[in-house]
Amino acid sequence: MGFLDTLLGRTKPVQPKLDDLFALPSAAVTLDAGAGFKPTGSGSVCFRPVEGRSFSDVQKDVQELLDVSAGKEGGLPVEVTTDSYGFNWLVSSHMSDELDALVTDLHAVNSSLVDNGFGPQLLCTLVAFRDDQERRLGLVYLYKRGTFYPFAPLAGERRDNALELQVKGVIGSDLKFEPDLSRWFPVWGAPGL
Amino acid sequence: MAARTRYAPDRGLTVRMTATMFLLGLVFVAFVAAIIAIGAAYHASSAAIVLFAVVLGGGFAIGSLFYSDKIALATAGGREVGPNDGPMARDLHGTVDRLCALADMKKPRVAIADTDLPNAFATGRNADHAVLCVTTGLMRRLTPEELEGVIAHEMSHVAHKDVQVMTAASFLAIIAALLIRIAFYGELFGGGRGRGGNNQNAGIIMLALMAVSIVVYAVSFLLIRMLSRYRELAADRSGALLTGKPSALKSALIKVSTDMARIPTQDLRAAEPLNAFFFAPAMKLNAKASLSTIFSTHPSLERRLAELDKVQQQLGRTAG
């Protein structure tokens, strides 16, 4: 925020950065080679719904758009859930080797929201990974920062910090990682993870 | 582009806030001019006294700014909590985390005050030292959505740097108040020994200084309160835009304000010094009285609800 905005108590809603998301498929290859984590094929976009007709119309359009693209390939329909904090998660499921298609889907959600003026409502995108021991790992993309961070939940709302840091070591140079660790906020119970 | 129109700033609010700050600046200039004029008229310098007041007042303002987080937390009885300190703290941290990520803000420290008074405040000299405090009474009464609205309002105060702005605005009033006091005692003791022309002159200077300071104090006090009310409206607006749910903030305001009016005065008096930072002021509701309106730090409930209606219309408008 600029000096004048501060003085006048105005907040400019932050517009999301979308492009860095496309670095994900190549980083996934590195992650598999370096740590043995494979994409599950499921990914989600988390956004803050806005009250009123305008936003619900946009959300319906996005859902229909993704359902059509899923229908063509015989894939699973898109799922929308609301978490306990009142954020909506739009989950798209693909085969595990279709990470490119998944990222394209997620990007379609982003761009429809942005095109309709709801870009500031985007919170994060999460792409799920799993290794041979069934350990869960999510790569979270923060729209407002344009950065990634890993989230590895354990049973009982604990985080596997060692695994998260290991992942950062493996793909830290492939992706723009969030340098501020205090912004690696947990997304407990994120659908699709 | 649609994105710009949907979150357009409120021009009326901007104009009123600018006018208030301009007037504060004008009072400051008039104050300085009056002090110089007094000195010149009596061929004496009041510089030493004024300098003393400025240094003392400046020290006081900087001190309260620097320790604002600690002072406010201690007064409210808030204690800082981590995300693992129980279910209440976990939910609070979760909400703050998400709002920070949505607004691209640094996460403030989070504190909980164990009191039934339903309120929240955010303070600290800058975003790195910000602390957000919520009372247990507030968390008990509000739904998660309403609580989120209140937290978004408080985080907007942090984003707007309201503690710094209000401290800077109060600087003038602090100096004026100090000068009144210095001049009063100067008159009392200097006047008592009054003999000879020089002392008489000094007595008149003191009187003039006191008169000017009283006027400046009164005017700047009203302007500061006005500015504070505008900044509350600005925080309401930014908070509602951030969560996208003005109606949740409205119902939180109604709940907190009506509950606050029911609480016995004993509690309210203890909470009064913190009023300026609170989400809703700790005092009896009296929306009709116009005099209490110009003295209060917060706009009336009706005014806040009306402004949030505007946000609601703005968000619901179809793009294009």
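Let me begin with a turn in chain A of this predicted model. Strand 4 and strand 5 of chain A form a hairpin with five residues between them, and within that turn Glu134(A) has a positive phi of about 65 degrees.

Strand 1 of chain A, residues 38-47, pairs with strand 4 of chain A in the antiparallel sense over seven bridges.

How many residues of strand 1 of chain A are buried? Nine of the 10 are, so this strand is largely enclosed by the rest of the structure. Strand 4 of chain A is mostly covered too, with eight of its nine residues buried.

Chain A contains five helices and eight strands. Read from the N terminus, their order is α-α-β-α-β-β-α-β-β-β-β-β-α. The C-alpha trace spans about 50 × 45 × 30 Å along its principal axes. For 193 residues, a compact globule would have a radius of gyration near 16 Å, and the 17 Å of chain A agrees with this. Of these 193 residues, 42% count as buried. Turning to contacts with a separation of 6 or more in chain A, 69% of them come from residues 24 or more positions apart.

Helix 2, residues 24-35, and helix 5, residues 161-171, pack at an angle of about 120 degrees, and their axes are 9 Å apart. The crossing of these two helices of chain A is right-handed. On the side of helix 2 of chain A, the contact involves Ala27(A), Thr30(A), Leu31(A), Gly34(A) and Ala35(A). These meet Gln166(A), Val167(A), Val170(A) and Ile171(A) in helix 5 of chain A. By residue class, this contact comprises six nonpolar, three polar and no charged residues.

I turn next to the contact between the chains. It takes 34 residues from chain A and 39 residues from chain B. Which elements of chain A give two or more residues to the side that touches chain B? They are helix 1 (3-7), helix 3 (53-72) and strand 4 (122-130) of chain A. That side of chain A divides into 14 nonpolar, 13 polar and seven charged residues.

Four strands form an open sheet in the order 1-2-4-3, with mixed pairing. Strand 1 (78-80) and strand 3 (120-123) of chain B stand at the edges, each with a single partner strand, so one side of each is left without a neighbour in the sheet. Neighbouring strands of this sheet are turned by 25 degrees against each other on average, direction ignored.

Strand 1 of chain B pairs with strand 2 of chain B, residues 109-113, in the antiparallel sense over three bridges. In this pairing, Arg79(B) stands opposite Ile112(B). Helix 4 of chain B, residues 68-76, packs on the sheet and touches strand 1, strand 2, strand 3 and strand 4 (131-135) of chain B. The direction of helix 4 of chain B makes about 160 degrees with that of strand 3 of chain B. Helix 7 of chain B, residues 144-159, lies across strand 3 and strand 4 of chain B, running at about 20 degrees to strand 3.

My last stop is a glycine. Gly57(B) lies in helix 3 of chain B, residues 47-66. Is Gly57(B) buried or exposed? Gly57(B) is buried, because 20 other C-beta atoms lie within 10 Å, and the cut-off for buried is 20 or more. Leaving out residues up to four places away in sequence, Gly57(B) touches Phe171(B), Ile174(B), Ile175(B) and Leu178(B). Finally, Gly57(B) and Ala177(B) are 120 residues apart in sequence, yet 9.0 Å apart in space, C-alpha to C-alpha.

Definitions and conventions: Residues are numbered from 1 along each chain as its sequence is written. Chains are lettered from A and ligands numbered from 1 in the order in which they are written. This is a predicted model: local features need pLDDT of at least 70, side-chain atom pairs count only at pLDDT 80 or more; totals for chains, interfaces and linings use all residues. Two strands pair if DSSP finds at least two bridges between them. Axes are lines fitted to C-alpha atoms, for helices over the stretch in contact, and angles run from 0 to 180 degrees between N-to-C directions. Two residues are in contact if their C-beta atoms, placed from the backbone, lie within 7 Å. Ala, Val, Leu, Ile, Met, Phe, Trp, Tyr, Cys and Pro count as nonpolar, Asp, Glu, Lys and Arg as charged, and the others, Gly among them, as polar. The radius of gyration is taken over C-alpha atoms; the globule rule is 2.2 Å times the number of residues to the power 0.38. A residue is buried if 20 or more other C-beta atoms lie within 10 Å of its own, exposed if 12 or fewer, and partly exposed in between; C-beta atoms are placed from the backbone. A crossing is left-handed if the near helix is turned anticlockwise from the far one by less than a right angle, and right-handed if clockwise.
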